[in-house]
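Please take a moment to look over the sequence and the model below, and then follow the paragraphs one step at a time.

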Amino acid sequence: MGQKLKIAGWISVGVFAGALTTVSLQTVARSGMTPLPLEEIQQLSAVFGLIKTDYVDQVDDRKLITDAISGMVSSLDPHSQYFDKKSFKEFREGTSGRFVGVGIEITQEDGLIKIVSPIEGSPADRAGLKTNDLITKIDDTAVKGLSLNDAVKKMRGEPNTKVTLTILRKDESRTFPVTITREEIKTQSVKAKMVQPGYAWVRLSQFQERTVDDFVRKVDDLYKQDPHIKGMVLDLRNDPGGLLDAAVAISAAFLPENVTVVTTNGQLPESKSAFKAAPEDYARRGSDPLRSLPAGLKKVPLVVLVNEGSASASEIVAGALQDHKRATIMGAQTFGKGSVQTVRPLGPDTGIKLTTARYYTPSGRSIQAKGIVPDVWVDETAEGDLYASLRPREADLEKHLSSGQGEEVKDAAREKAREEAMKRLEEESKDKEKAKKDKLPEFGSDKDFQLNQAINQLRGVTVLASKSKTERPEAKKEE
């Protein structure tokens, strides 16, 4: 099948939140390229000259050239991208799961920043910040009106620098400042616990460099708590993906040795590859990171939870476990991000992320613009889905790649569901109390409806499966 894609990957954020990209980092020499289109190159040069001489203001040469490169790459598909010096640095920070900051997982609530949880051992954790604390100011800047992204940028910085957060703790009816020294943070992408006697929950929020090691450590801890686990839920909901080798490793943890996990196919010989449940296809440092896992993990009854936010590497895992009949896939049809991006450095500080292949499940199914269809459809809540139809999917993105397997058709039912969800959202935005009531419970909590149905499936108890959800066809691609 040709030389394998080198698995030394970086992840990158897709066009929408919840669409991370499975990528591999490599530099490949090019030979035998087709001749350059001289007439078009001359036009490009002419436009460059006209802008330099005729535009109302002077424009920097470097900006014109980098903008031309950026436009050329981004016009291909939603996941190809040019990286300037700043974005390349941010990209690398994202893949490593490391950054310099205070160490909190956050969301927005009523215009303020709400702490979902401090990262264990982080400066924020040591400073005593708690889940549900609200941040009202970052240094002298009021949080009200700031985007979540802008707030994150203000809290990050250089190591050993200080930032002062003003905290509103509602349950104590007090506001107080906390000064925290920034340091390198290692994010936790794996959570795990026993949700019922004999039944375990393992959640992967992202596939990062440290995910496999964290997964092994968490699973080992679960088996120490209960050496005879009766069933396990692998929760990939809203997991936007990440590193290809991590996805292969997590799949291999549950599958027989050497079975196919995922295949890729593209124009280059090295993009025509098959990745198997074998250490040589996922081990970064030579030794097998899965070697300490308990043998029982290969046979423990398994349910995989997915939803519209499960993308890329998540879909590789779900598709592999489904095709090998190793797990029951429950939830909703996944995002449909079935393409591989390769990062090509253009210099020490810049590069491009280029879509180089589609990936396929072991049975040969393309996930691109389609996604993984669950074995058992389960709504978000006992009352049904709230806003699932509003979540964008790969097939909704402009210039998305087709699956390469059949013609795309328009999904009229999905459009109707979106219209109804939008109306409900508009109505509930006027009623804050109702909006809070309808908020989805935290994943892994005792009120997590889909998790409860997954446990029912493992226990052989009746599952409240969705009566309304059906498989969505690929959306019509605009030519």
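Of the 479 residues of the protein chain, 48% count as buried, where buried means under 20% relative accessible area, exposed means over 50%, and partly exposed lies in between, with a 1.4 Å probe and protein chains only. This is a predicted model, in which local features need pLDDT of at least 70 and side-chain atom pairs count only at pLDDT 80 or more, while totals for chains, interfaces and linings use all residues. Residues are numbered from 1 along each chain as its sequence is written, and side-chain values use heavy atoms, with hydrogens and water left out.

The protein chain contains 11 helices and 20 strands; these are DSSP runs numbered from the N terminus, helices being H or I with at least four residues and strands E with at least two. Of the contacts in the protein chain between residues at least 6 apart in sequence, 71% join residues at least 24 apart, a contact being heavy atoms within 4.5 Å.

Aromatic rings come next. Rings of Phe, Tyr and Trp (its six-membered ring) pair if their centres lie within 6.5 Å, and planes under 30 degrees apart count as stacked, over 60 as edge-to-face and the rest as tilted. By this rule the count comes to 2 aromatic pairs. In the stacked pair, phenylalanine 83 and phenylalanine 88 lie 5.5 Å centre to centre with 15 degrees between the planes, and both phenylalanine 83 and phenylalanine 88 are buried. The rings of phenylalanine 215 and phenylalanine 254 have centres 6.0 Å apart and planes at 70 degrees, so this pair is edge-to-face. The pair links distant parts of the chain, since phenylalanine 215 belongs to helix α6 (residues 211–225) and phenylalanine 254 to helix α7 (residues 244–254), 39 residues apart. Phenylalanine 215 and phenylalanine 254 are both buried.

Arginine 156 lies over the face of phenylalanine 99, 4.0 Å from the ring centre, and the charged end of arginine 237 sits over the ring of phenylalanine 443, 4.0 Å from its centre.

Finally, consider isoleucine 41, which is found in helix α1 (residues 38–54). With 40% relative accessibility, isoleucine 41 counts as partly exposed.

Conventions. Lys NZ or Arg CZ within 6 Å of the ring centre and 35° of its normal.
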